[in-house]
Amino acid sequence: MNPSFLLHAWLHRVLFGCWLVLVALPLLAQNQTQPDYRLGAGDTVRVLVFQSPDLTVEARVSESGSINVPLIGNVAIGGLSIADAERKIANALQTGGFLQKPQVNIVLIQVRGNQVSVLGHVNRPGRFPLEIANTRVTDVLAMAGGVMANGDDVVIVSGARDGAPFRKLIDVPALFMRDNDDSNMLVSAGDTIYVRRAPVFYVYGEVQRAGAYRIERNMTVMQGLATGGGPTSRGTENRLRLHRRDAGGAVQQTAPELTDLLQPDDVIYVRESLF
């Protein structure tokens, strides 16, 4: 055989091998940063088979969790980690007699399948991919830019667990104030995290800054009055009126003590001094 032909063929194989390594190494590094990621419907992947460029394919994981690979057809990879999916395709190529020792690399091109939704009073509401399996509630809130100033401290996580509806309220500040708090739960694909508006109270009448204000934890009437700047020169804290809805929805009017705790939607009326 012509020596120059052999040299050309050898150089071609070497150059192709170098190209494959250059392409695969950064993508492998990407995969290594998310080893626990589980492929899901809607994800886009690229399958590379070493020294078999004709088997390279870019595919979107179908709703049934499968992709079509040359020679072996549909392969179910939904729910598998990237490493497990690589092994499954390699085994199919080997057991089918197509390749002796196939080396398969899967590159995650676009994440679409495993996502969670963040709604309500956060800085960037939307849908976010679960790129690793151990993503927790605080991780997702960070992806959404954190809770807005008018957002509640308690977030609502809803979804499904073991085929049954799931709902849990999580006190976010408590996650960082208690030792060994396990409330920072793992989220799953399809979960929704909702941050409602923080509860408020209202103050009006002879007060410096009438308006609606956020209720802080264990906030008293005195603290609420101070939040509104306190009484004007014509007002007095000795003639307050508190309007509060009872369990039946009727508004009850009382003369509160300054040490009484405020409740959501309370209305403080600061009356004018008699003297």
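Q51 is not a glycine, yet its phi is positive, at about 65°.

D162 also has a positive phi, of about 55°, without being a glycine. The loop that holds D162 runs between β8 (151–161) and β9 (164–171). With a relative accessible area of 85%, D162 is exposed.

## Overall make-up

The protein chain has 275 residues, and buried residues make up 36% of them. Its secondary structure consists of 5 helices and 15 strands. The accessible surface comes to about 16,000 Å², and carbon and sulfur atoms account for 53% of that area.

Contacts can also be sorted by how far apart the partners lie in sequence. Among contacts in the protein chain with a separation of 6 or more, 56% are between residues 24 or more positions apart.

## Confidence

The mean pLDDT of the protein chain is 86, and 85% of the residues reach 70 or more. Confidence is highest in strand β10 (residues 192–197), with a mean of 97, and lowest in helix α1 (residues 3–32), with a mean of 45.

Residues 14–33 have pLDDT below 50. In the model this stretch makes 17 contacts beyond near neighbours in sequence. Where pLDDT is low, the predicted coordinates should not be read in detail.

The largest nonpolar core contains 22 residues, and the members that touch the most other members are L39, I67, I89, V104 and I106. Two or more residues each come from β1, β2, β3 (66–69), α2 (82–95) and β5 (104–110). Helix α2 gives the largest share of this core, 5 residues.

Which residues does I89 touch, not counting those up to four places away in sequence? They are V47, I67, V69, I72, V75, V104 and I106.

Strand β6 covers residues 115–120 and includes Q115. Is Q115 buried or exposed? Its relative accessibility is 10%, so Q115 counts as buried, the limit for that class being under 20%.

The side chain of Q115 makes a polar contact of 2.9 Å with the side chain of R127. Beyond its neighbours within four places in sequence, Q115 is in contact with R127, F128, P129 and L130, and also with S188, A189, G190 and D191.

## Salt bridges from strand β8

A search of the whole structure finds 11 salt bridges. One of them joins D152 and R196, with the closest N and O atoms 2.9 Å apart. This pair links distant parts of the chain, since D152 is in strand β8 and R196 is in strand β10, 44 residues apart. D152 counts as buried at 12% relative accessibility, whereas R196, at 32%, counts as partly exposed.

D153 has salt bridges to two arginines, R214 and R217. The bridge between the side chains of D153 and R214 is 2.9 Å from N to O. D153 lies in strand β8 and R214 in strand β12 (residues 211–214), so this bridge ties together parts that are 61 residues apart in sequence. Both ends are partly exposed: D153 has a relative accessibility of 21%, and R214 has 23%.

In the salt bridge between R217 and D153, the closest N and O atoms are 3.5 Å apart. R217 is in the loop between β12 and α5 (221–227), and the pair links parts of the chain 64 residues apart, with D153 in strand β8. R217 is partly exposed, with a relative accessible area of 45%.

Methods. Residues numbered from 1 in each chain as written. Predicted model: local features only at pLDDT ≥ 70, side-chain atom pairs only at ≥ 80, totals over all residues. Heavy atoms only, no water. Helix = DSSP H or I, 4+ residues; strand = E, 2+ residues; numbered from the N terminus. Buried < 20%, exposed > 50% of the residue type's maximum accessible area, 1.4 Å probe, protein only. Polar contact = N/O pair within 3.5 Å; in protein donor to acceptor, adjacent residues only side chain to side chain. Contact = heavy atoms within 4.5 Å. pLDDT = per-residue confidence, 0-100. Areas by Shrake-Rupley, 256 points an atom, 1.4 Å probe, with all protein chains shown as cover. Core = buried A, V, L, I, M, F, W, Y, C linked by side-chain atoms within 4.5 Å. Salt bridge = Lys/Arg side-chain N within 4 Å of Asp/Glu carboxyl O.
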